[in-house]
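Here are my notes after going through the model you sent.

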Amino acid sequence: GGIQHVMHCLRAYFKRNEMEVERLLSYARGMAYPPAFKRLGFLCEVAQGPAKLMDECRRAVTLGLAALDPALRSPRVSKRWQLRLPAAWEKLLSND
């Protein structure tokens, strides 16, 4: 589970013909939880997802840090996304 599972699902969704950026943004807006945009935008960037999705998420980034995965120790920081990241996030989110 956790962020690895979310990344796996997101990559699979990006490959679908029925993928809808607006649907993902609508879900994030509906949560009314700013870290949702931070996490979605970061994962979209790592997965090389749609630029429109990254741009919309970037516009919604607020000040203050959130953890990419609150269950993991996260000593690194992405200033672009205002996210605390696990030390080995690249391996954690790899396509392997």
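Predicted model: local features only at pLDDT ≥ 70, side-chain atom pairs only at ≥ 80, totals over all residues.

1. Leaving aside residues up to four places away in sequence, S74 touches D69, R84, L85 and P86. R84, L85 and P86 are three of those partners, so have that stretch on screen when you look at S74.

2. Where does S74 sit in the chain? You'll find S74 in the loop between β1 (66–67) and β2 (76–78). Despite the loop setting, S74 counts as buried, because its relative accessible area of 11% falls under the 20% cut-off.

3. Next, the S74 side chain.

4. Is A71 buried or exposed? Its relative accessibility is 69%, and since the cut-off for exposed is over 50%, A71 is exposed. S74, by contrast, is buried.

5. P86 turns up again with A71. The two are 15 residues apart in sequence, and their C-alpha atoms are 9.9 Å apart in space. P86 is also one of the residues that S74 touches.

6. Now the helices. α3 (residues 34–46) packs with α4 (residues 51–60) at an angle of about 145 degrees, and the two axes are 8 Å apart. The crossing of α3 past α4 is left-handed.

7. Which residues make the contact between α3 and α4? On the α3 side they are F37, L40, G41, C44 and E45, and on the α4 side L53, M54, C57 and A60. By class, this contact has 7 nonpolar residues, 1 polar and 1 charged.

8. α4 also packs with α2 (residues 21–31), here at an angle of about 20 degrees and with the axes 9 Å apart. That angle is under 35 degrees, so α2 runs roughly parallel to α4. The crossing of this pair is right-handed, whereas α3 passes α4 in a left-handed one.

9. Finally, the residues between α2 and α4. From α2 come V21, E22, L24, L25 and R29, which meet K52, L53, E56 and C57 of α4. The classes here are 5 nonpolar and 4 charged, with no polar residues. Do take a look at L53 and C57 in α4: they meet α2, and they are also in the contact with α3.

Terms used:
Residues numbered from 1 in each chain as written. Heavy atoms only, no water. Helix = DSSP H or I, 4+ residues; strand = E, 2+ residues; numbered from the N terminus. Buried < 20%, exposed > 50% of the residue type's maximum accessible area, 1.4 Å probe, protein only. Contact = heavy atoms within 4.5 Å. Axes fitted to C-alpha atoms, helices over the stretch in contact; angles between N-to-C directions. Left-handed = near helix turned anticlockwise from the far one by under 90°. Nonpolar A, V, L, I, M, F, W, Y, C, P; charged D, E, K, R; others polar. Parallel < 35°, antiparallel > 145°, perpendicular 65-115°, else oblique.
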